[in-house]
Each structure stands twice: as structure tokens, then as C-alpha cells.
Amino acid sequence: MTSGASTPTYPARPPRSRLRTFLPLGIAAWLVLEIWLLTVVAGAASGFTVFLLLLAGFVLGAVVIKRAGRRAFQNLNQALQRGTAPSSGGGNGLMMLGGLLLMIPGLISDVVGLVLLIPPVQKALSRYTERTVERRLREAAPGTLGDAFQQARMHRPDGKVVQGEVIRDEPRRAPEEPRPPLTG
């Protein structure tokens with residue numbers, strides 16, 4: 001016997017993106033490959049050699065991150081002193097990513113981190129990333145985070161940012177009659 005009330009229908013779940021499906025599998029495969037390669041190198045050379053390689057990668061990664069961070073801070077400081085917007089990162093973000101990959105234990109991550117430190121690779125990768133982000137922002141559906149970001153950006157033909165100050169111009173009221181003093 002039914003009460004006449006219909007059963008609630010829930011909207012169908014949106015399909016999982018390929019990234020959400022394959023990212024955990026890719027990370028697991030990468031970890032297995034890193035461990036396997038470390039054991040192969042340890043068997044061919046020695047465990048101490050592998051330890052020295054990992055330690056050198058960690059130290060080099062820390063130096064790279066510190067240098068890139070210092071350069072980014074100097075660029076920001078100079079831009080603030082000039083009163084202009086900071087110039088493009090100049091690869092500081094990719095240098096930091098390369099340093100982080102060097103600090104992660106593993107030989108494959110070390111090779112990828114070293115490749116990211118090569119300036120032509122940085123330029124090509126940053127151009128590709130910029131084009132991809134711009135394309136995705138243009139294709140953003142209404143109500144998404146990309147759409148909100150697109151609406152928040154200011155578009156000017158010359159690309160300059162106009163700095164200003166908001167001043168509210170409220171109509172002035174007629175002066176009120178003076179109030180009698182409060183005495184108790």
C-alpha cells in the first residue's frame with residue numbers, strides 16, 4: 001500500500017573525470033617504479049651509493065628552492081618599490097617544482113626535477129600551461145570556479161591595471177537642530 005507520495009529522485013552523479021580515475025593508479029605505479037629502480041641501483045652499486053644519491057638530491061633541491069624563492073621575493077620587492085605589478089614569474093614556480101622533485105626520494109623524480117631546471121624546458125612548459133589555462137577559462141561553464149575567476153579579471157586592451165580608490169558620494173543631510181545637553 002502506498003501513501004501516494006512519490007519516491008524522491010536524486011540527480012544522477014556526474015561521471016568521474018579521467019584525472020580522478022587514473023591519478024591514484026599513476027601515483028601507485030610511480031611509487032612502485034621508484035622503489036624498484038632504487039633496489040636495482042643498490043644491487044648494482046651499493047646501498048651507500050643510493051643513500052649518497054638521495055642525500056645529494058635533497059641538498060640540491062633545497063638549494064634550488066631557496067634560490068628560486070629568494071629570486072621571486074626580490075622581483076616582488078622591486079615591483080613594489082617601482083609601484084608596478086610584478087613581472088611574470090620567470091620560471092620561479094617551475095624551479096621550485098623542480099627543487100621539490102629533487103627533494104623527494106627517488107631517482108625518477110630527481111631526473112624530472114633536473115629536466116625542469118633547464119630554461120628552454122621551463123619556457124616551453126610555462127607557455128603551454130598559460131595557453132591551457134586561458135582556453136579552459138574561456139570555456140568555463142556559468143556557475144563554475146573558472147567562470148568566477150574569469151568574471152573577476154579586468155580586461156583592458158593595453159593589459160594595464162588601473163589603480164584607484166572607491167569614494168562613496170552620499171547626499172548630505174541638512175544639519176539637525178542641536179540637541180539639549182544631557183544632564184542628570
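Among contacts in the protein chain between residues at least 6 apart in sequence, 54% join residues at least 24 apart. The model is predicted, and the protein chain averages a pLDDT of 79, with 70% of the residues scoring at least 70. The secondary structure amounts to 6 helices and 0 strands.

**Overall organisation**
- Along the sequence, the chain follows the pattern α-α-α-α-α-α.
- Of its 184 residues, 14% count as buried.

**Confidence by element**
- Among the elements of the protein chain, α4 has the highest mean pLDDT, 93.
- The lowest mean pLDDT, 55, belongs to helix α6, which spans residues 145–152.
- Where pLDDT is low, the predicted coordinates should not be read in detail.

**Helix α1 against α2**
- Two packed helices are described by the angle between their axes and the distance between the axes.
- The axes of helix α1 (residues 18–44) and α2 come within 7 Å and cross at roughly 130°.
- On the α1 side, the residues involved are Leu38, Val41 and Ala42.
- They meet Gly47, Val50, Leu53 and Leu54 in α2.
- By class, the residues of this contact of α1 with α2 divide into 6 nonpolar, 1 polar and no charged.

**Helix α1 against α4**
- The axes of α1 and α4 come within 8 Å, crossing at roughly 105°.
- Helix α1 is therefore roughly perpendicular to α4, since that class covers angles of 65 to 115 degrees.
- From α1, the contact is made by Trp30, Leu33, Glu34, Leu37, Leu38 and Val41.
- From α4, the contributing residues are Leu107, Ile108 and Ser109.
- The contact of α1 with α4 has 7 nonpolar, 1 polar and 1 charged residues.
- Leu38 and Val41 of α1 take part in this contact with α4 and also meet residues of α2.

**Helix α3 and its surroundings**
- Helix α3 covers residues 92–103, a run of 12 residues.
- From its first C-alpha to its last, α3 reaches 16 Å, close to the 16 Å expected at 1.5 Å a residue.
- Buried positions in α3 are Asn92, Leu94, Met95, Gly98, Gly99, Leu101 and Leu102.
- The buried residues of α3 pack against α2 (47–82), α4 (107–116) and α5 (119–138).
- Helices α2 and α4, against which α3 packs, are also partners of α1.

Technical notes: Residues are numbered from 1 along each chain as its sequence is written. This is a predicted model: local features need pLDDT of at least 70, side-chain atom pairs count only at pLDDT 80 or more; totals for chains, interfaces and linings use all residues. Side-chain values use heavy atoms; hydrogens and water are left out. Helices (H or I, at least four residues) and strands (E, at least two) are DSSP runs, numbered from the N terminus. The expected span of a helix is 1.5 Å times one less than its number of residues. Buried means under 20% relative accessible area, exposed over 50%, partly exposed in between (1.4 Å probe, protein chains only). Contact means heavy atoms within 4.5 Å. pLDDT is the predictor's confidence in each residue, from 0 to 100. Axes are lines fitted to C-alpha atoms, for helices over the stretch in contact, and angles run from 0 to 180 degrees between N-to-C directions. Ala, Val, Leu, Ile, Met, Phe, Trp, Tyr, Cys and Pro count as nonpolar, Asp, Glu, Lys and Arg as charged, and the others, Gly among them, as polar. Angles under 35 degrees count as roughly parallel, over 145 as roughly antiparallel, 65 to 115 as roughly perpendicular and the rest as oblique.
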